[in-house]
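Here's a quick tour of one protein model, with stops at a pocket and at some charged pairs. Have a look at the structure first, then read on.

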Amino acid sequence: MGRLKIGNNKSGFTLDGKPFFYLGDTIWSAFTNVTLEEWEYYLHVRKTQGFNVLQINTMPQWDRCMSDVGVYPFATEDGMKFDFSAWNEEYYERARKMCAMAVKEGFQLALVVLWLNHVPDTWGSNMLDINVMPEAFVKEYAQKIVDEFDEFDPIYVISGDTDFETEAATGYYKTALEVICEKSPESLKTLHIRRGYDMIPEVLDEKIDFYMFQSGHNSKGQHMAYVLPENIRKKYPKKPMINSEPCYEQMGYSRQEYGRFGQREVRQAAWTSILSGASAGVTYGAHGIWNWQKMNCPKNPVIGEGFDEPLCWQDAIKFPGAWDYGFIKNVLRKYGSQELVPASEWIENTTETIRMAATEEGYLVYVPYNTKVCIGRELEGYTCRALDLAEKRVADIDMSIQDGRTVVAMHPFQQDVLLVIEKG
């Protein structure tokens, strides 16, 4: 399997010359928490569900479940604070084996180089600063990551969940990015940034190949799924874009608010992102998978945002939303195109959660509930079908031209749908 490349239209990816829809899963804690036997089962399930990219932290995830397998990249007494002067080669040998298993099953790897807690002046290191990496060590660490993992043709995600509020923070990422650009010039590079954030320093933007943003886990911020791609399209040069961390299925709302994201909310975050400019792919997350929750595990001392307790990974891997994300890839393969052009400004309904994009053959419209949809264009000669995203049923839907606009009749389903509007 070769490296991913950027498509000629700068909106998506190609692999071996063919279009590639990035369908990722967040398995941040893989290298420290997952046994090889568990990993084999995990890869089998996610491959069956249609996933083709795995997002993994090359360092132990700071807010992971503490059910570790006991192997760390550096010397440590407690599995939390690391001695950056003492490498543990056993960790990298094991991590490479896991990468080889994943690549053999057809997965692309997206490997995070520096999660925010290792970088000064980020929101994470301001919360917990026990593992801020010495600045002089950043070059050596970035070189190590290339030396250990470049044989697997990964995407290098230079930052993890970060912000860039000071020159010091930006400088760490700049150093790591420069090393990886020099040592692995053919690989794709990107940044994973914090929830609701769209500020990318120019010194980093000029060297990355595509954009990741995070609509995240704040229940009051779910509009970020479509606001952020709109903002990024306006502010930065055209590059492929994905929502790399939408709300995770069964994760509790952040900010100490009670409630959990269900299958429908997870679906909505994906579709509203994709039809608003982030059409190169999307990443799924299950609460219990990203942190690899096990029964009777010790409590992680990191104080988070109150996401509530996860289910064990054996339950989380069966959450139904994972199948919905695989369905997205199949739908876009059939009805999408090499480039989805956002066209939500044509929607005359008052809610912004109805999102629309143009394809080569017609239009796709995400409708979160059953209502008429008014489109400010005359779509004469088009037909419409509604794909029931909950039950996977299909209905033919009437359309009419009224006063220079197209009115799509209310669909018969009781949850969200994708309207497929095509010529003929």
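This is a predicted model: local features need pLDDT of at least 70, side-chain atom pairs count only at pLDDT 80 or more; totals for chains, interfaces and linings use all residues.

## The second largest pocket

The second largest pocket has a volume of about 440 Å³. Of its 21 lining residues, Pro 19, Phe 20, Phe 21, Ser 337 and Gln 338 are the closest to its centre. A pocket here is an open set of points on a 1 Å grid over the protein atoms alone, where a 1.4 Å probe fits and protein lies on both sides within 12 Å along at least five of seven lines; lining residues have an atom within 4 Å of a point. The volume is the space filled by probe spheres set on the points, which are joined across faces, edges and corners.

Strand S2 (13–15), strand S3 (18–20) and helix H11 (321–335) each bring at least two residues to this lining, and H11 gives the largest share, three residues. Helices (H or I, at least four residues) and strands (E, at least two) are DSSP runs, numbered from the N terminus. By type, the lining splits into seven nonpolar, eleven polar and three charged residues. Ala, Val, Leu, Ile, Met, Phe, Trp, Tyr, Cys and Pro count as nonpolar, Asp, Glu, Lys and Arg as charged, and the others, Gly among them, as polar.

Residues are numbered from 1 along each chain as its sequence is written, and side-chain values use heavy atoms, leaving out hydrogens and water.

## Charged pairs

The whole structure holds 23 salt bridges, each a side-chain nitrogen of Lys or Arg within 4 Å of a carboxyl oxygen of Asp or Glu. One of them joins Asp 198 and Lys 235 (3.2 Å, N to O). Asp 198 sits in the loop between strand S10 (189–190) and helix H7 (202–205), and Lys 235 in helix H8 (residues 224–235), 37 residues apart. Asp 198 is buried at 17% relative accessible area, whereas Lys 235 is partly exposed at 45%. Buried means under 20%, exposed over 50%, and partly exposed in between (1.4 Å probe, protein chains only).

What about helix H11 again? Its Asp 324 pairs with Arg 267 of helix H9, so parts 57 residues apart in sequence are tied together. The closest N and O atoms of this salt bridge are 3.1 Å apart, and both Asp 324 and Arg 267 are buried.

Finally, Glu 89, Arg 96, Lys 144 and Glu 148 are linked in a network of salt bridges.
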